[in-house]
Amino acid sequence: MYPVKNSPEFFIFQSDIRQAFRYWIRIFLLSLCTFIDVYAQNITTTFSTANSICFTHLSTQDGLANDKVLSILQDQYGFMWFATENGLSRFDGINFVNYNHSEKNTNSLSSNIVTALSEDVYGNLWVGTQNGLNRYDRAQNNFHRYTTRNGLKNNSIKALHSDTQGSLWIETAQGYLTQYRIQENQWIHFKHNPGVSEGKHYYWQIYEDSLQNLWIGGRTLQGILFSKKSSQITPVPTCSEKGMPLESAFFVRAKDGALFSSSFGSIQKYDTQQHKFVHYRSIPFEATCAITDIEGNIWIGGYGGLVKWNYPQDYIEQFTPDSNNPNHISSNQILCLYSSHDGCIWIGTEYGVNMYSPRLNQFQTYQGYNVSALMEDTDQQLWVGTENDGSYVFNWEKQSLTHFNYRLMTKEIDYLTFQREKEVLRQYIRHEAIYNDQYTLSENLADNYTAYKNTDLRFRYPDENHVTALYQDKAGMIYVGLWNHVGFNVYNPQNGLWKRYALWSKKPDYHYPRLWLGNPFGANWYNGFLEDRKGRFWCITWECFGLNLFNRKTGKFESKHYFPNNVPCFPQGKIEQIFYDVPRDRYIFNGKSTYFGYYDNKDKRFYKFGESFPNNYPNLDIVKGYYQYSKAKIFSLPNDFGCDYILSDGNNKLYIANVHKIMYMDLTDNTVHPILSMPENTSFAWTLSADRQSIIVYCDKGFIAVDTQKNTCTPLTFPDKLKLEEENIQIMLQPHNGELWIGTSKTLWKLNQQNKWVKLLPGIQSVGVIRQKENGNIYVGSNKGLYIFNQGEEIKHIPFQINATKGLPGTEIRDIYMPDSQTCWIATNDGLVQLTNDKIKIFTHDDYNPHSLIDNNVCTIAQGPDQKLWIATFQGLCLFNPSNEIFTDMTQPGNDCLTSRLTSCITEDLQGNIWIGTTEKGINVLSIEADTIAHYYHQPWNKNSLPDNYVECIFCCHNGNIWVGTHQGLAKFDKEHKQFQRFDSTLNSATL
């Protein structure tokens, strides 16, 4: 049987289901209404719950455009507006009016994925989408669009904010903060480092404080403070216990003026003395949004629930779903919060809108049915998977309804289930999915039912019946994909027994192989199953390897995978250093924690360096199994070493380092040899000496010289001691004359030939790049622009000019490359710059030009093959040909790799090819005979490409047609021309 998944846009059902299908669906839903109270399960909470508080629910059954609500706003006329994943909804308290995108109507919304809402001081309603900004015209009841063609720097809108001075502030992808002065029709752009994340996450915020400063945060975005007066951007991230910068999910101010933010489960308070966020308290979920109500309570929502925080008394009430009580909140996944003029709290969730009124506290409610998967089995029974209540099976002939809600995350587990699932329970305990707040549980608890029942247990994933996929194999077994990190279920119709499987392992030491992204053993988010013509059984997962081969006889996963680990592409493609190894004709790339590998110029192929593992590594057997399918070169790189810096001695040694260790790689055989260990060190910078005989290193203990011949270390002392006074050394260079130049977080220093430290830049400037040209001139990149020095004297300064053509773009210089005496290439956070005889030319990304720069966030530049330049960006690598100004994207995976590990759906065509959809990078088609993969993407310049890279479902008709549902519409695959035909809402039966 083929699996079938639902989509926000449409459902596709198997063509052999009887014509009366819709009639039976209605009967099924009526039956579901009858039986739901019998089979519904409670969800427990860990904080005190106010049982008297009631919520009203609004869903698609009431007219809402889509149940996934991303932003909420009440306009000056009292209408409530809801941004959803499939259009914009206006609610007058009784009825909904929905607005959607239409390819044929340029006055419709620019995209159906609506991400942000704002109303300006003039009463204009602004609607942000994933493909542009829209202004609602109330008189004409339509929209005016704004894109990169008429104002924006990027079309993907993350957040909107209207200030009292008449400006609209827009946060977009790639780190652009844009000010739109509405009356003057003027666009002003400011650049900052973007948050880099996989998947579709919609929590972003622009918050304005009483001093008219803007605080910007969101998914993986380390908080930013923007001064509207000075246009200065200051990082203000939340931090881990070890001081690591983390995301700032939201900003919210309490009644006493305290400012709070959050990262994961940590609520952090801004310390005005230290100018940083400090941990204040914890909540039991990853936060996404927060607001302050009219009584001063702070409401916090996230991936795991909703809490009301009575601050500063520090009393928390938590609200979670209860399927037995329709007045409880409808979902644990909170995407946005809004406080309306009358004090009501509006809550956007994955399952519609919830509203709480502190004045009335009693509402009529609307119960929705969150169907997530459908399948008809070989007995012609209809299986219906839900997002919160397991599976229902409707028997057509008997007109009976059976409910399956197989649970292991509960103390109420029966003895037989416990015995059957003891190994899975052991894994749950090992990986702390089942835990105790006070002490570490013993894995032996899975062997003793009585002890298990008598132990005080906590369950990390109590909502374990979020069904994502349904599938029946040829033997009749039913596979149920689960989303909440718990695995998947298999049901045997012959004996009525259930069994759970998961991609678990021995407990890792949390140092994962660098060939993979994150934890390769934790991807228990199953989106689909398929038994191919060779009898192999495939599971697709969101994260981990994406496509996994499952052995049904052993109940274990095999090592075969197609993970794209060799190509430096997003999110592992932020290359910061490039070195050309001439004798071996290869380019070595280092991306700190994201990538360490090389491009073989003869093979025209990327390889990633893989580390060796000790024999006692806890997952050695699993690692070795998966490594055999990895596109990597394994050598003696220690598994606990992460390479952050590389530096060549000009011969056959490549020095590699991080803040704790310095080693060198012998390029003749790739062996690695230790030089210096600094386990407690926190600061690091280095440079090759002018005579190339040593490496000058700066660390916590001061300056050290590493002899490149003997590999010995000697402390360095200078007669004139450098007093840094809270300056952090970021970059060093020793030019040909033997002077030492040091760039810090506050200025530029030079140790001249008289051994005196000289400050070279005015004011406070952060210096990140120092390079020397062949003629001896020194080029310095700071946050104030580019400086050129001749014999220690400044001869030129080119500042950043964000909205002019004479200066540099962006706010940061990341690299400088000078191939000849006339040309200087500059990598900025807003494009690539060519400086030739004082003339500036800027290269940027253009969505509609396939030969443009692939991303404006440029990291580094280096000489490439055939007189081309390597250009490394946040999104990956490209090769640039200066003669014809064509950029070639080098991030595309080969025919042996998936485009992304975030897989969403799977099906088989009539030829036996396996089609795999992803949530970020289109479609992969695996030929089971050739074992090769073809890739299909959305290309803005190509109307015959996919409508969008977010693929929700794929279906193969009996006539062989392949239909694809994306977030931007429906498409049919043209097999002859290997392209797609797009369809809008006017699709008719003749087309099918």
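Me: Which residues does Phe488 touch, not counting residues up to four places away in sequence?
Reply: This is a predicted model, where local features need pLDDT of at least 70, side-chain atom pairs count only at pLDDT 80 or more, and totals for chains, interfaces and linings use all residues. Residues are numbered from 1 along each chain as its sequence is written, and side-chain values use heavy atoms, with hydrogens and water left out. Contact means heavy atoms within 4.5 Å. On that basis the partners of Phe488 are Tyr479, Val480, Gly481, Leu482, Lys499, Arg500, Tyr501, Tyr526, Phe529, Cys539, Phe550 and Phe557.

Me: Which residues touch the most other members of the largest nonpolar core?
Reply: A nonpolar core is a set of buried Ala, Val, Leu, Ile, Met, Phe, Trp, Tyr and Cys residues joined through side-chain atoms within 4.5 Å. Buried means under 20% relative accessible area, exposed over 50%, partly exposed in between (1.4 Å probe, protein chains only). The largest core has 37 residues, and those with the most contacts to other members are Phe488, Phe529 and Leu547.

Me: Which strands are among what covers the buried residues of H5?
Reply: Helices (H or I, at least four residues) and strands (E, at least two) are DSSP runs, numbered from the N terminus. Helix H5 spans residues 620-627, and Leu620, Val623, Gly625, Tyr626 and Tyr627 are buried there. Their cover includes strands S45 (556-557), S49 (605-612) and S50 (632-638).

Me: How far from Cys569 is the nearest cysteine sulfur?
Reply: A disulfide is a pair of cysteine sulfur atoms within 2.5 Å. The structure holds zero of them. The nearest cysteine sulfur belongs to Cys897, at 8.7 Å.

Me: Which cysteine has the sulfur nearest to that of Cys953?
Reply: Cys953 is buried too, with 7% relative accessibility. Cys953 is in no disulfide, and the nearest cysteine sulfur is 6.4 Å away, in Cys905.

Me: What is omega for the cis peptide bond between Tyr311 and Pro312?
Reply: Most peptide bonds are trans. Pro312 sits in the loop between strand S27 (305-310) and strand S28 (315-319). The cis bond joining Tyr311 to Pro312 has an omega of about 10 degrees.

Me: Is Asn755 buried, partly exposed or exposed?
Reply: Asn755 lies in the loop between strand S61 (748-751) and strand S62 (757-759). Its phi is positive, near 60 degrees, though Asn755 is not a glycine. With a relative accessible area of 32%, Asn755 is partly exposed.
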